[in-house]
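Subject: Structure handover

Hello,

Here is the structure for you to look over. My notes follow below it.

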Amino acid sequence: MYYQKLDEFPQDFLWGAASAAYQIEGAFDEAGKGRSIWDTYAHTPGNTYQGTTGDVAVDHYHHMEEDVALMGKMGLKAYRFSVAWSRVIPDGEGAVNEAGLDFYRRLIKALRANHVEPVLTLYHWDLPQALQDKYQGWESRETIAAFKKYCQVLFAAFKDDVKYWVTFNEQNVFTSMGYRWGTHPPKVMDIKRMYAANHIINLANAEAINLFHEMVPNGLIGPSFGYGPVYPLTGDPNDVLASVNADDFNNNWWLDVYCRGEYPFFMMKQLQRMGIAPVVTAADEQLLKSAKPDFLGVNYYHGGTVQTNRLQKPVATDQQAKDFSATDPYLMQPKADQAQSPEIPAFNSVASPYLAKTEWGWEIDPVGFRVALRQVYEKYRLPIFVTENGLGAVDQLVNGQIDDQYRIDYLQAHLLAMKEAITDGVAMIGYCAWSYTDLLSWLNGYRKRYGFVYIDRDDNGPKELKRIPKASYYWYQQIIAENGQQI
Ligand code: BGP
């Protein structure tokens with residue numbers, strides 16, 4: 001559908017950029033911070049690309065004022081960051097580390113002084129190691145109580161200064177990587193345990209939302225979900241059915257719980273038949289129903305194409321699963337030539353014949369972004385905050401400059417798709433590009449860059465950590481100044 005004229009972005013649209021604590025902060029054991037499961041995981045040889053860690057990362061902890069000043073200069077309207085739980089409560093559930101809390105207090109103050117709206121993510125994957133050791137982390141209901149306490153500390157500290165809050169970042173990705181593929185901590189490969197942990201995280205999400213609504217009545221809170229539309233490879237009804245199955249498997253399994261307070265029937269039935277469904281009590285059902293997010297955070301990188309499984313390959317071996325998922329967390333089912341995940345062996349992922357790919361093999365699909373926004377809004381009718389979208393690429397520093405025209409092209413195409421979605425009628429709060437500065441890619445080290453601001457460091461070390469705005473920085477500055485008018 002083509003419009004002669006697109007609607008303008010809302011006047012108060014939040015043009016933003018995002019980050020996550022482990023990927024930028026560094027200072028992993030400074031000022032009383034406790035260890036997180038990512039500290040442990042990255043310190044264990046063989047787990048990350050060339051052994052890269054977030055020990056120093058891009059040292060945002062010591063460059064915070066400089067980074068925020070650059071945001072101010074850019075005219076950025078919103079900055080999404082996450083709080084490292086173990087910086088604020090080192091053992092996850094005990095005493096508050098005032099120095100840790102103070103870092104975020106200073107950050108929020110600096111953002112406000114630069115007219116940047118803070119968007120605070122409570123959990124971006126770095127669970128305190130102490131909770132993993134003591135309770136087996138998200139496999140125990142004890143961790144819900146710890147999370148609630150942590151939330152309470154942050155809500156009380158920042159309720160007057162932070163309006164937008166994100167509960168969990170990409171629960172679909174971190175549970176699958178952590179418990180299905182074993183490529184993130186806690187490095188488990190056991191889907192029954194994955195579904196159990198996932199349910200506990202759903203309860204923690206609901207508890208956090210209810211507590212927030214009591215403590216921060218003027219704020220807005222929601223989860224950020226890694227969403228991708230699912231396409232059938234052909235019009236063969238079998239492929240269409242495969243895409244319906246895959247949509248349940250990839251998306252509804254999480255979104256229905258967040259937004260409707262119940263699990264989708266098809267997936268639940270499959271898990272029950274296999275004896276791997278989570279234990280859901282009547283009280284759990286009530287809790288899930290009671291918690292209503294105010295908006296839905298959507299992280300969009302790409303969707304996926306599926307076909308009916310004509311090969312009927314056996315269940316994936318550990319190694320196959322690992323090979324498959326090493327570079328792309330958004331493909332939740334093995335490709336056609338690989339073995340299957342056991343729950344829904346009825347579909348498998350295939351490459352789209354229509355889409356180009358990034359250097360890391362991720363499909364580039366701006367139309368899919370519009371499809372995603374439409375689907376999610378149609379289904380759940382919650383305003384959408386795009387909390388991540390961006391291009392990972394190798395950037396070249398030439399004569400002190402980075403000409404990342406490819407990133408500008410990528411973002412431009414996605415912003416256009418979003419403007420079309422707004423014209424279609426989707427209610428949108430804002431858009432945070434991933435990422436603000438370059439940062440650590442969980443499993444790809446420092447080579448895979450996403451930022452508007454280049455950080456002079458590589459996989460071998462931090463060098464001088466100089467901040468250099470890329471061409472995309474100046475381009476986005478202009479987009480923001482004109483409120484997206486020229487898109
Ligand atoms: C999302 C995460 C981000 C970020 C991004 C890019 O899944 O929420 O933290 O890492 O993906 O992924 P990658 O670094 O693997 O390219």
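Strand β3 (residues 117-123) and strand β4 (residues 164-169) run parallel, joined by 4 bridges. Strands are DSSP runs of E with at least two residues, helices are runs of H or I with at least four, and both are numbered from the N terminus. Two strands pair if DSSP finds at least two bridges between them. L120 stands opposite W165 in β4.

This is a predicted model, where local features need pLDDT of at least 70, side-chain atom pairs count only at pLDDT 80 or more, and totals for chains, interfaces and linings use all residues. Residues are numbered from 1 along each chain as its sequence is written, and side-chain values use heavy atoms, leaving out hydrogens and water.

**The barrel**

A barrel is closed by 8 strands. Their order is β1-β2-β3-β4-β5-β7-β10-β11, with parallel pairing. From one strand to the next, the twist averages 25 degrees. Angles run from 0 to 180 degrees between N-to-C directions, and axes are lines fitted to C-alpha atoms, for helices over the stretch in contact.

**Helices**

Helix α10 (residues 237-260) lies across β5 (220-226) and β7 (296-299). It runs at about 170 degrees to β5.

Helix α5 (residues 98-113) and helix α7 (residues 142-158) have axes that come within 11 Å and cross at roughly 40 degrees. That makes α5 oblique to α7 (under 35 degrees is roughly parallel, over 145 roughly antiparallel, 65 to 115 roughly perpendicular, the rest oblique).

In α5, L101, Y104, R105 and I108 meet V153, L154, A157 and F158 of α7 (contact means heavy atoms within 4.5 Å).

Best wishes
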